[in-house]
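This report looks at how two protein chains meet. The sequence and structure come first.

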Amino acid sequence: MSLSVEREATAPEAATPISGRWSSLVKELLATRRVMIGLVIILGLIAMAWIGPLLSPWEFDERDFGAFRSPPSADHWFGTGSTGRDMFHLTMVGLQKSILIGLCAALFTTVIAALVGAFAGYFLGLADRGLMWVTDLFLVLPQFLILAILYPLLRDSGWLVFVVLLACLMWMVTAKMVRGMTISLKEREYVLAARYMGVSHARIILRHILPNMSSLLIVDATINVSSAIILETALSYFGFGIQPPDVTLGSLIAEGARQALAFPWTFWFCTGLLIVLVLAVNLVGDGLRDALDPHSKSRT
Amino acid sequence: MAKFLIRRLLSYLVLIFLASSIAYLIAASTLDPRGHFEQMQPPPSDQAIEKELNKLNLNDETPLAERYATWATGVATADFGRTIKDQSVNENIARKAGVSLRLIVAGTLIGATLGVAMGAYAAVRQYGRFDRVTTVAAFFLLAVPAVVVAVILQVSAVWLNDVSGMRLLEYGGEYSPNLQAGFWGTLADRVQHAILPTLALSLSLFAAFSRYQRNMMLDVLGSDFVRTAMAKGLTRRAAMIKHALRTALIPTITYFTFTFGILIANATFTEKIFGWHGMGAWVVDSIATQDVNAVAAVTFFMAVCVMAASFLSDVLYAWLDPRVRVS
């Protein structure tokens, strides 16, 4: 009785557009300074990576036979490598690949983690046992090792397969968190209501449970971007990652590290860009967590 | 409580077995030992290759299930087979596991302890100068991949040695070969070699832990039980350490279990970059030489390490959290 009165009283106000999930999210983000700084840096790096090669006077494969290992100059902005290739162009192409790998791998990881975690937490029982067991098994398998062993298979199959594999080895921790949240969410009234109305289980998970933990998923996807970039760097450093003619920041660092003292420009430019990239992504992830997670307001 | 630990231990044993089996199967089906022998100079005859492959249980014409069965029976009797150079894998493990364990244990102890201590202190002094400096340092370190940390340390060691004109820091190998300096000299030599790799490993661990511990501590500091502890007359220091830190350590221990796999991978990179002949460096080399048995053995070792860390955190968990002990 009193409820309906209250509702009537507030009805006219409710008629003004209530900000939806996404618009309130955007508003929250714009208000967080760290997120904005991080985003601006990332957008800057993306612009640099894709526009840079167009501005460079040198081609990707082109060698300057007059300048092997020459320091940065007006001709070669980042100097040249040991085969006379223009470091600026190489670094920009590597930056493109690293960004792409990070974004795609994080997307795949989060999708796998959300599905596995939500299904395990929603159905519990046997499905949960089985899925969590697989998760534990994946946690025990050393990811770096498995990717390195699989490398002979990957060598010829391009970078997208590599990205999918990267994602297959990174989803476990997020899946465990999603499972925990699902267990508590599935007891909420709106989930019960949906179930009593006869909505199918799969639809409840996709429409009601997963959107309600979108903040966790977004934060985690951001953190996964930087983990993927870091893992890729390590793999490429040992030659188990992306294969030539493709280059990433990781493979450039591997090459530059061998001559870091004699020819510092082959090492420091790509390393610096990698650090800036990961730093910016972490900045966004950290700010997002504070903005989206009500429990962590105190942590700023 | 003992029952809880025993049950965990049993499931860990199953996981270790499965993880090494999977690694063996993947390695046996993707690596190419035949190619390794065919590339030798001078190339051996086909019969010789065949004979060698059969002897080492690496022949890709033997069905995978049969090779796996041979390998598994060997492992059941604690024999990991022969490496591709026909040495005993067991002897190699005995020689290399210690090197890796020294690095991992020292790195973990230094990194985790410093990280937890500094993170907790930073939380108590939130927004103070110490807090700001450690937060910025941790944030920056987290953005640098472990490989790059190791390489940068190595490059700066070379630079430092050049500038000072002495060998202040060693950056290659685990000890100087042919050193005749008695017990203390050898010890000093080993420590000198160990500084940089241990530092490389503990830096990233320190960054992750100090950040995590700071957040957990901040969550706890405002709680009622900490206030009550101080209200009933405990000194601030005792309340912080006995009540706040103890509670805040529980999630950190879970975090430790999750990140231990990454730590082992980082140890692999560190060993390889600093030229330590440990398990990690061995696995990178054995993938290059198509050495299936060695790869499986290292996976086994790493799975055991991860499980040991999980078990350790189970014990710590039970020690810190009375609720686990009671139920």
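In this predicted model, chain B and chain A bury about 3,800 Å² between them. Carbon and sulfur atoms account for 83% of that area. On the side of chain B, Leu15(B), Phe139(B) and Phe258(B) lose the most area to chain A. Together they make up 15% of what that side buries.

The contact involves 46 residues of chain B and 41 residues of chain A. Polar links between the chains were also counted. The rule finds 1 salt bridge across the interface. Its partners are the side chains of Arg211(B) and Asp286(A), at 2.8 Å from N to O. For polar contact, the count is 2 residue pairs between chain B and chain A, with both residues at pLDDT 80 or more.

Which elements of chain B give two or more residues to the side that touches chain A? They are α1 (2-30), α6 (129-142), α7 (146-164), α8 (182-221), α10 (236-274), α11 (279-288) and α12 (292-320) of chain B. The largest share, 9 residues, comes from α1(B).

| Class | Residues of chain B |
|---|---|
| Nonpolar | 37 residues |
| Polar | 5 residues |

Now the confidence scores. The model has ipTM 0.81 and pTM 0.83. Chain B averages a pLDDT of 86, and 99% of its residues score at least 70. Among the elements of chain B, helix α5 (residues 89-124) has the highest mean pLDDT, 91. Helix α13 (residues 322-326) of chain B has the lowest, 72. Where pLDDT is low, predicted coordinates should not be read in detail.

Terms used
Residues are numbered from 1 along each chain as its sequence is written. Chains are lettered from A and ligands numbered from 1 in the order in which they are written. Side-chain values use heavy atoms; hydrogens and water are left out. Contact means heavy atoms within 4.5 Å. Buried area is the accessible area (1.4 Å probe) that two parts lose on being put together, summed over both. A salt bridge is a side-chain nitrogen of Lys or Arg within 4 Å of a carboxyl oxygen of Asp or Glu. A polar contact is a pair of N or O atoms within 3.5 Å; within protein, one must be able to donate a hydrogen and the other to accept it, and residues adjacent in sequence count only if both atoms are side-chain atoms. Helices (H or I, at least four residues) and strands (E, at least two) are DSSP runs, numbered from the N terminus. Ala, Val, Leu, Ile, Met, Phe, Trp, Tyr, Cys and Pro count as nonpolar, Asp, Glu, Lys and Arg as charged, and the others, Gly among them, as polar. pLDDT is the predictor's confidence in each residue, from 0 to 100.
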